[in-house]
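Please keep the sequence and the structure in view while reading.

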Amino acid sequence: MDLGDIEGIPRLLDVGQCNDTIVAVDVALALSELFDLPLNELPLTIVLSWMEQKAAAVLWALLYLGKTDMWIGPILPAWCNEDIINVLVENYNLTPTTGDAIADIKTIMGE
């Protein structure tokens with residue numbers, strides 16, 4: 001999908017596996033500092049894909065840093081019962097994806 005770019009930087013960046021996430025966090029924190037903006041005020045959308053247990057650690061680390069307003073999915077882990085999902089949605093504004101990647105990307109991009 002061609003989602004365009006912002007001054008030569010693609011609008012959609014895949015940072016890879018869970019163990020690569022620290023690089024994305026470092027970039028986001030550096031941008032926050034550079035622009036003197038709180039992390040949640042950056043024009044940044046994080047979609048955290050649940051592929052294995054390390055994704056939970058990534059989520060907890062991002063929540064610890066104060067990051068809210070993230071997307072999670074496509075399939076939620078077995079330990080995420082309805083009560084846990086409700087806490088994550090209500091307190092951290094996490095949004096489960098629908099399972100339709102194209103529709104989710106369009107929604108995330110505001111189309």
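## A loop residue to begin with

Does aspartate 36 count as buried or exposed, and what is its relative accessibility? In this predicted model, aspartate 36 has a relative accessibility of 70%, and because the cut-off for exposed is over 50%, aspartate 36 counts as exposed. Aspartate 36 lies in the loop between α1 and β3 (47-49), and its phi is positive, about 50°, although the residue is not a glycine.

A positive phi is also found at aspartate 69, likewise not a glycine, where the angle is about 60°. Aspartate 69 sits in the loop between α2 and β4, and with a relative accessibility of 34% it counts as partly exposed.

## Confidence of the model

The mean pLDDT of the protein chain is 83, and 93% of its residues reach 70 or more. Confidence is highest in α3, at 92, and lowest in strand β2 (residues 9-10), where the mean is 74.

In soluble globular proteins, nonpolar side chains tend to be buried together. Here the largest nonpolar core has 16 residues, of which Trp50, Leu59, Leu62, Met70, Ile72 and Leu94 touch the most other members. At least two residues of this core come from each of α2 (54-64) and α3 (82-92), and α2 gives the largest share, with six residues.

Leucine 94 shows how such contacts reach along the chain: once neighbours within four places in sequence are left aside, leucine 94 is in contact with Leu59, Met70, Ile72, Leu88 and Val89.

The peptide bond from glycine 73 to proline 74 is cis, with omega near 0°, and proline 74 belongs to the loop between β4 (71-73) and α3.

Both residues of this bond, Gly73 and Pro74, are touched by threonine 97, which, not counting residues up to four places away in sequence, also touches Val47, Trp71, Ile72 and Asp104. Threonine 97 is itself in a loop, the one between β5 (95-96) and α4 (101-108). Its relative accessible area is 16%, and because buried means under 20%, threonine 97 is buried.

## The nonpolar surface patch

Ile22, Val23, Val27, Leu31, Leu34 and Phe35 make a nonpolar surface patch of about 590 Å². One of these residues, valine 23, is found in helix α1 (residues 21-34).

Leucine 37 is placed in the loop between α1 and β3, where it is partly exposed at 29% relative accessibility. Not counting residues up to four places away in sequence, leucine 37 touches Ser32 and Leu42.

## Distances across the chain

How far apart in space are leucine 37 and cysteine 80, C-alpha to C-alpha? The two are 32 Å apart in space and 43 residues apart in sequence.

Lysine 106 is partly exposed, with a relative accessible area of 40%.

Methods
Residues are numbered from 1 along each chain as its sequence is written. This is a predicted model: local features need pLDDT of at least 70, side-chain atom pairs count only at pLDDT 80 or more; totals for chains, interfaces and linings use all residues. Side-chain values use heavy atoms; hydrogens and water are left out. Patches are made of residues with over 30% relative accessible area and no salt bridge: like charges are joined within 9 Å, nonpolar side chains (Val, Leu, Ile, Met, Phe, Trp, Tyr) within 5 Å. Accessible areas come from the Shrake-Rupley method with a 1.4 Å probe; for residues, only the protein chains shown count as cover. A salt bridge is a side-chain nitrogen of Lys or Arg within 4 Å of a carboxyl oxygen of Asp or Glu. Helices (H or I, at least four residues) and strands (E, at least two) are DSSP runs, numbered from the N terminus. A nonpolar core is a set of buried Ala, Val, Leu, Ile, Met, Phe, Trp, Tyr and Cys residues joined through side-chain atoms within 4.5 Å. Buried means under 20% relative accessible area, exposed over 50%, partly exposed in between (1.4 Å probe, protein chains only). Contact means heavy atoms within 4.5 Å. pLDDT is the predictor's confidence in each residue, from 0 to 100.
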